[in-house]
Structure formats: C-alpha cells, structure tokens
Amino acid sequence: MTPRPFRPIVPWLLAAPAVVLLLGFFLGPVLLLFRVSVYESGSGTGFYRPGTWSLQAYAGLIEDGYGRGVLAFTVFLGVAVATLSVLVGYPLALFIHTLRPLAKRLALAAVILPKLANVFVVLYGVSLLLGNSGPLNQGLLWLGLTREPILLSHSLAGVLIAETYLIMPYAVLILVPAFDRIDPILLAAARGLGAGSWTTFRRVTLPLSLPGVAVAGQLCLIWALGAFVGPLLLGGPEQTTLAVLVPRYGLEYGDWPTAAVTSVLSLLTIAVCVTAFAWPARRLGRLGQTR
C-alpha cells in the first residue's frame with residue numbers, strides 16, 4: 001500500500017491569523033457596508049430603517065450634480081497628486097541613492113520623519129506656512145514677486161501641496177531601492193564607452209528605474225484617491241473629496257445609507273483607477289526589463 005503524501009499544515013497554521021484578521025476586519029466590515037448602503041434612510045427617525053432594501057441612496061448620490069462633481073474631483077486629485085509625488089520624489093530618490101551609506105540612512109530618516117508625527121499637526125503647520133500672513137507669502141511680498149498674498153490655503157493649490165507632501169515619501173521609499181538595484185557595472189560601462197552623465201541617465205538609469213516608477217505611481221494613486229486630511233484642512237468647498245463626504249453624511253447629517261454609498265463609491269473608484277493604471281504600469285515595467 002502506497003503511503004499517502006504528507007501535507008504540511010504548518011504554513012496553513014502560520015497564515016491562519018492573517019487570514020482570520022483579513023476576513024474578520026476587512027471583508028466583514030465591507031459586507032456590512034454594502035448592507036447599510038441599501039437600507040432606506042431614517043429621514044429623521046434614526047440612522048436608517050432596519051429590514052428595508054432600497055437603492056435610493058445610490059440613485060440620490062449619482063443623480064445629484066454635486067455628487068458627480070465630488071467624484072470627478074476625487075479622481076482628478078488622485079491622478080494629480082500621484083503624478084506630482086512621483087515627479088518630485090524621483091530626483092530626490094536619485095540624489096539619496098548617490099549618498100554614502102550613513103548619509104543615505106539619515107536622508108531616508110528625514111524623508112519619513114513627518115510620517116511619525118500626527119498628520120493633523122503636520123498639516124496645521126503646513127496651513128500656517130501657506131497662509132496669507134505665513135512666511136511663504138511674506139517672503140514673496142518682500143521680494144516684490146507679488147503685490148498681495150497669493151491664495152495658497154483653502155484652495156486647490158493648498159490641497160495639492162499638502163497631499164503631495166504627505167504621499168511623496170512613499171514614492172521615495174520605493175524609488176531608492178529601485179535605483180539601488182541597478183548594476184553599477186552598467187553605468188561604468190556606459191561612461192567607459194564615452195557616454196556623458198545625461199546620456200548615461202537617459203539610456204541606462206531612467207529605463208531601468210521604470211519598474212520602480214510604476215510601483216510608486218500605483219501606490220501613490222491609491223493613497224491620493226483616499227485623500228481626506230488635506231482637502232479637509234487646506235481645501236475649500238470646491239475641493240471636497242469622497243472621503244470627506246463620508247463623515248459629513250454619517251456624523252453631521254446622520255444619514256448612514258448615503259455615507260455607506262459614498263464609501264462604496266470610494267472603494268469602486270480606487271479599484272477602477274488602479275485597474276486602469278495597471279496597463280501603463282505593466283508597459284513601464286516591461287520597458288525597463290527589456291533594456
């Protein structure tokens with residue numbers, strides 16, 4: 001009789017806590033969120049009407065021009081912040097990559113230092129910096145570059161600056177290892193063949209770093225599509241995102257079905273945008289691997 005092959009259960013046991021955590025604290029709340037989104041609104045008699053099934057909250061939010069405007073701005077802000085984060089973080093990561101080990105560790109620590117502080121405190125400082133009487137506007141006035149303070153706070157500019165400031169470190173943390181993985185022999189060979197610094201960067205460094213750019217862009221897009229604190233503290237009424245609408249409907253208006261619909265719409269927006277970005281991300285990754 002042939003003995004039955006031994007099936008190790010240790011990997012399954014090790015993975016069990018994470019699986020339980022995901023199922024219990026992610027999938028469970030998501031399913032509950034969908035259920036709340038199809039309740040009828042309480043209309044002043046409660047958060048919702050238990051036992052009811054209705055798509056009224058979905059229709060109300062989608063047919064409302066304000067809701068569609070918030071959705072469009074959320075997508076615009078996500079794409080803009082992700083693009084800015086990668087564009088600003090790329091040269092910084094390249095600079096950190098060229099530093100000596102100790103200086104590189106200190107530079108990376110400086111990049112992630114704001115992430116260790118409370119995000120509300122950090123953005124309150126940014127708000128003071130960008131305010132009409134803040135040092136930035138005062139410096140522009142002193143230099144004579146403007147005759148009156150520029151509206152940087154409670155505007156689109158303030159939201160872009162704040163969210164890029166919050167998300168850009170993630171791009172740097174991904175791009176620095178991407179630069180480190182480039183074989184120095186390739187750079188030396190390019191220079192040995194007579195290529196200058198710009199040509200070496202354009203023909204070797206940039207193509208080989210594209211897979212890292214794709215990953216950084218995708219991660220920044222996910223974070224930017226869920227932007228909440230920046231639009232809340234440094235944006236105006238026209239800079240409202242889906243994430244800002246959720247507590248507004250749920251806590252201020254007591255309309256849980258609409259708040260749940262807004263959350264579902266936010267999750268679907270992230271899923272659609274990340275899926276749409278997957279194709280150009282794969283193209284970037286393959287372009288870098290074929291070089």
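Modeller: Angles under 35 degrees count as roughly parallel, over 145 as roughly antiparallel, 65 to 115 as roughly perpendicular and the rest as oblique. Axes are lines fitted to C-alpha atoms, for helices over the stretch in contact, and angles run from 0 to 180 degrees between N-to-C directions. Helices (H or I, at least four residues) and strands (E, at least two) are DSSP runs, numbered from the N terminus. This is a predicted model, in which local features need pLDDT of at least 70 and side-chain atom pairs count only at pLDDT 80 or more, while totals for chains, interfaces and linings use all residues. Residues are numbered from 1 along each chain as its sequence is written, and side-chain values use heavy atoms, with hydrogens and water left out.

Colleague: At what angle do the axes of α3 and α7 cross?

Modeller: Two packed helices are described by the angle between their axes and the distance between the axes. Here the axes of α3 and α7 cross at roughly 45° and come within 6 Å. The two helices are therefore oblique to each other. Their crossing is right-handed; a crossing is left-handed if the near helix is turned anticlockwise from the far one by less than a right angle, and right-handed if clockwise.

Colleague: How do the residues of the contact of α3 with α7 divide by class?

Modeller: There are 23 nonpolar, four polar and two charged residues in the contact of α3 with α7. Ala, Val, Leu, Ile, Met, Phe, Trp, Tyr, Cys and Pro count as nonpolar, Asp, Glu, Lys and Arg as charged, and the others, Gly among them, as polar.

Colleague: Which residues make the contact of α3 with α4?

Modeller: Helix α3 (residues 65-97) packs against helix α4 (residues 101-112) at an angle of about 150°, and their axes are 9 Å apart. α3 and α4 are therefore roughly antiparallel to each other. Contact means heavy atoms within 4.5 Å; L92, I96 and H97 of α3 meet K104, A107, L108 and V111 of α4. Five of these residues are nonpolar, one is polar and one is charged.

Colleague: How far apart are the axes of α5 and α7?

Modeller: The axes of helix α5 (residues 119-130) and helix α7 (residues 156-180) are 11 Å apart, and the packing angle is about 140°. α5 and α7 are therefore oblique to each other. On the α5 side the contact involves V119, V122, L123, V126 and L130, and on the α7 side G158, I161, A162, Y165 and L166. By class, this contact of α5 with α7 has nine nonpolar, one polar and no charged residues.

Colleague: Which residues does I174 touch?

Modeller: I174 belongs to helix α7. Not counting residues up to four places away in sequence, I174 touches G212, V215, A216 and L219. The C-alpha atoms of I174 and T240 are separated by 29 Å, the two residues being 66 residues apart along the chain.

Colleague: Which residue caps the N-terminal end of helix α8?

Modeller: D183 caps that end of helix α8 (residues 184-192), with a side-chain oxygen 3.0 Å from the backbone nitrogen of I185. Just after α8, G194 has a positive phi of about 100°.

Notes. Polar contact = N/O pair within 3.5 Å; in protein donor to acceptor, adjacent residues only side chain to side chain.
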